[in-house]
Amino acid sequence: MDIYKLNFRIKWIIVLLGIIVIAGSLVYTDYLAKRLVEREKRLIDLYAKALETAANEQPGGNMAFLSEQIINANTSVPVILSDEAGEPLSSKNIELPGKFTQKQEDEFLKKQIRIMADQHAPIEIEFYGMKNYIYYKDSDILTMLRYYPYIQLTAIVFLSLVGYVAFNYSKKAEQSKVWVGLAKETAHQLGTPLSSLFAIRDYFKEIEPFKDDPMTEELAKDIDRLNVITARFSQIGLEGKLNNEIVANVVEENIDYLKSRTSSYVEYSMTDHTNGASAVMNISLVGWVIENICKNAIDAMDGRGSIQISISAIKNNICIDIKDSGKGIPKNKIKSIFKPGFTTKKRGWGLGLTLVKRIVEEYHGGKVYVLQSGIDKGTTFRIELKGSI
């Protein structure tokens, strides 16, 4: 199974579980809020009846005493008693801000009455033979309960984002150490046989009949190329110096090397629209990038087709477009091709394009991406490098 597909599915499962938890929390909190609303409604109804009874009972009666107990039991729900004209008569569980005059207090309570009327319909009672109204609004506990899911949701999202960023950062740091270690170990392992190959190359150059043989010259070129490859691996992870280099020269040098070592059925062409513009680069590593993309293109064409390279300037960047006439990349796989381990080859490691991305984006501060691709229409990779300083 593709490990990246598995990771993708796991991420979506975690997201789905998170949505279920949040939805469950919202539904349950809404259920509790509705129960509390019903409870407060019953409490205010009882409060209204108790107030009405207390007003109409004779002082000292049992019902008056019981009503007074019920009235005092309301310690959380804000209520205001008003006359038929809407003038406030008394209030309970409402905190008045600062020191108010009687007029200021009445204005404040009238404003509270309007707020309460928007939340709940007033309760009509008979108070000393006159129609009065009890207005009320949600208690602080109910208000907090209504907002709690949103506070909880915000906290969960924030913590999830922090965790995701921290996890990605640590994962990338760990991957970087693995890449650097792998590259340096590869360079180290190639060092010993490479020394022997240099000795063999020099030996063949000095004895007959090999010193004038064209094959000896080609062998020497391959050994020198292997030395370049070893140097590339050793430079991974180092803060090497970047220089201004003519892009067309770098591309042409690498294409010339590939031409002599690939099928004659592969046609190469290069167009420079910049008239020899320079870019900031490490020649060895950029050569690796071009070589890797071209080799992938040759595989995609099954050794037959054309590779067209176009160099252009866009704003302050120099762009290298490498277009092949291969099978193309399915749209659902374009985002995965630069991930480590992704490969369509039976014996592929899936590291080539990953290293390409790291070299271009992390080492050179540029960009590399699929500019366009279509099934049986070929693929165009674009490499963006910073223009010369």
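Is T29 buried or exposed? T29 is buried, with a relative accessible area of 6%; here buried means under 20% relative accessible area, exposed over 50% and partly exposed in between, using a 1.4 Å probe and protein chains only.

## About the model

This is a predicted model, in which local features need pLDDT of at least 70 and side-chain atom pairs count only at pLDDT 80 or more, while totals for chains, interfaces and linings use all residues. Residues are numbered from 1 along each chain as its sequence is written, and side-chain values use heavy atoms, leaving out hydrogens and water.

## The chain as a whole

Let's start with the overall picture. The protein chain has eight helices and 11 strands, taken as DSSP runs (H or I of at least four residues for helices, E of at least two for strands) and numbered from the N terminus. Of its 389 residues, 33% count as buried.

The accessible surface of the protein chain is about 24500 Å², and carbon and sulfur atoms hold 58% of that; the areas come from the Shrake-Rupley method with a 1.4 Å probe, and for residues only the protein chains shown count as cover. Among contacts (heavy atoms within 4.5 Å) with a separation of 6 or more, 66% join residues 24 or more positions apart.

## Around T29

Back to our opening residue. T29 belongs to helix α1 (residues 3–56). Leaving aside residues up to four places away in sequence, T29 touches L145, Y148 and P149.

## Nonpolar cores

In soluble globular proteins, nonpolar side chains tend to be buried together. A nonpolar core here is a set of buried Ala, Val, Leu, Ile, Met, Phe, Trp, Tyr and Cys residues joined through side-chain atoms within 4.5 Å. The largest one has 43 residues, of which I293, I307, I322 and I383 touch the most other members. Helix α7 (residues 283–300) gives the most to this core, nine residues. Another core, of 11 residues, lies apart from it and includes L51, V77, L81 and I123.

I322 also deserves a look: beyond residues up to four places away in sequence, its contacts include I290, I293, C294, I307, F381 and I383.

## Rings and charges

The structure holds two aromatic pairs, meaning Phe, Tyr or Trp rings (the six-membered ring for Trp) with centres within 6.5 Å, where planes under 30 degrees apart are stacked, over 60 edge-to-face and the rest tilted. One of them is F338 with F381, edge-to-face at 6.2 Å centre to centre and 85 degrees between the planes. The pair links distant parts of the chain, 43 residues apart: F338 is in the loop between β9 (317–324) and α8 (352–363), and F381 in strand β11 (residues 378–386). Both F338 and F381 are buried.

A charge sits over a ring if NZ of Lys or CZ of Arg is within 6 Å of the ring centre and within 35 degrees of the ring normal. The charged end of K357 is over the ring of F338, 5.0 Å from its centre, and R304 lies over the face of Y265, at 3.9 Å from the ring centre.
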